Amino acid sequence: MNRSVLLPCVLAGSLLLAGCGTLTGDGGDVTLRMVAADYGDSEANSTSHYWDDVVQRFQAATPGIKVKVETVSWTDIDKRVGELIAAGKTPDIVQTGGYADQVAAERLYPAGDVLSIDTQVNMLDAFSKAGQVFGSQYGIPFVASTRVFVYNKAVFQKAGITAPPVTWDELRKDAELIKAKVPGVTPYALPLGPEEAQGESMIWTMSGGGSLADNAGNYTIDSPQNRATFSWLRTNLVDRKLTYADPGTVDRKTAFADFAAGKVAMLNGHPGLVRKAIDSKIDYGTAAIPRRDAAAKPSTLGVADWIMAFKANGHKAQIKKFLNFVYQKENTLKFDEQYNLLPVTQDTRAEMTGSGNHQDLSEFLNALPNANFYPLGDPSWDKVSVLVKQKIGAAVRPDGDKALADLQGVAAAEAGKVRR
């Protein structure tokens, strides 16, 4: 929601990593080191508090195993994990948006080695399959989300708009009405900054008939369809001042905060945005993501965030005990409800669906059958996604075609490295 699912965050309340724990011959404790993404947007709701609670209860129930968790912002987590591995301080567990590059480097335990049969069976089958590389599962799904179009009903009413847009052309016309009739409100938020630019760009390329990669695993960043999509964004939203002046400098958390403050009228969002809108008393609506052609089937981005178990420290048995605890319904339900995300386990899904407490997620659940996912099974995707985060915002600037061509070149080169 990088995901990403997953998601999307500030560094707060971290427990800093030290050296790797070892199993001592005299029965001493093993210390597991974990790096986890921060799903919060302030110190108060930092994910560090969730992990502190889980770890405290796990350690009380499991003498001999200690766990230290470092929570890192989505912007920095890939870099942080890379630094630790390069320094010889490989974590035992990482929770982030991808896994394939670590599979290619042969660093991970297969999921079956670190999950009990009961935990494996409890996983939603589609997500377990999405965690596979060449038929073997290494990525362990943690949370999921989809993306939908979210709009401010009060702003729409002031602008005289009676229904959410179905097409890009309708979106542009609605944005122009909002700009003319509701001063001080950004009509459409287009966050193409490095926090989650790969998600926003994938949404737009899909709704324009393109993609970031084809079904055969070839990157298609610089396709004619994508050039047309980013050209449309540039000429219809950026140049007309219907969105941020330079979307490539704006992160998702800024767009979400602006919507929750009533400063943005329309954007694409995950379930966490709905929670922010509710907390801020924004009268919001949700709909399918607008597309270039009204006759085209609606599409959306599906995101799963993942857990990986690393072999470097030889703590397979201890990792297995901790992960089986993490995936107990009490813990998964608490996390999904805290951040308003979709579950990846059968028992938590049944609880959230049957309780009647999650009507705000219905549009996101409706979108799931039409969702498309990042090419997570491609070992080059983790590096390519970092490049997309950093550079694709330039595609809505005047030299946008060159930005796409440059990205295509480096993506193809990264893919070539892992396929040789």
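**Exercise 1.** Which residue forms a salt bridge with Arg252, and how far apart are the closest N and O atoms?

*Solution.* The model is predicted, so local features need pLDDT of at least 70 and side-chain atom pairs count only at pLDDT 80 or more, while totals for chains, interfaces and linings use all residues. Residues are numbered from 1 along each chain as its sequence is written, and side-chain values use heavy atoms, with hydrogens and water left out.

A salt bridge is a side-chain nitrogen of Lys or Arg within 4 Å of a carboxyl oxygen of Asp or Glu. Arg252 meets this rule with Glu196, the closest N and O atoms being 3.1 Å apart. Arg252 lies in helix H11 (residues 252–260) and Glu196 in the loop between strand E8 (186–188) and helix H9 (197–207), so the pair ties together parts that are 56 residues apart in sequence; helices (H or I, at least four residues) and strands (E, at least two) are DSSP runs, numbered from the N terminus.

**Exercise 2.** Decide whether Arg252 and Glu196 are buried or exposed.

*Solution.* Buried means under 20% relative accessible area, exposed over 50%, and partly exposed in between (1.4 Å probe, protein chains only). Arg252, at 5%, counts as buried, and Glu196, at 6%, counts as buried too.

**Exercise 3.** Find the strands that pair with E3 (residues 93–96), and the sense of each pairing.

*Solution.* Two strands pair if DSSP finds at least two bridges between them. Strand E1 (residues 30–37) pairs with E3 in the parallel sense over three bridges, whereas strand E11 (residues 300–309) runs antiparallel to E3 and is joined to it by four bridges. Ile93 in E3 is the bridge partner of Met34 and stands opposite Ala309 in E11.
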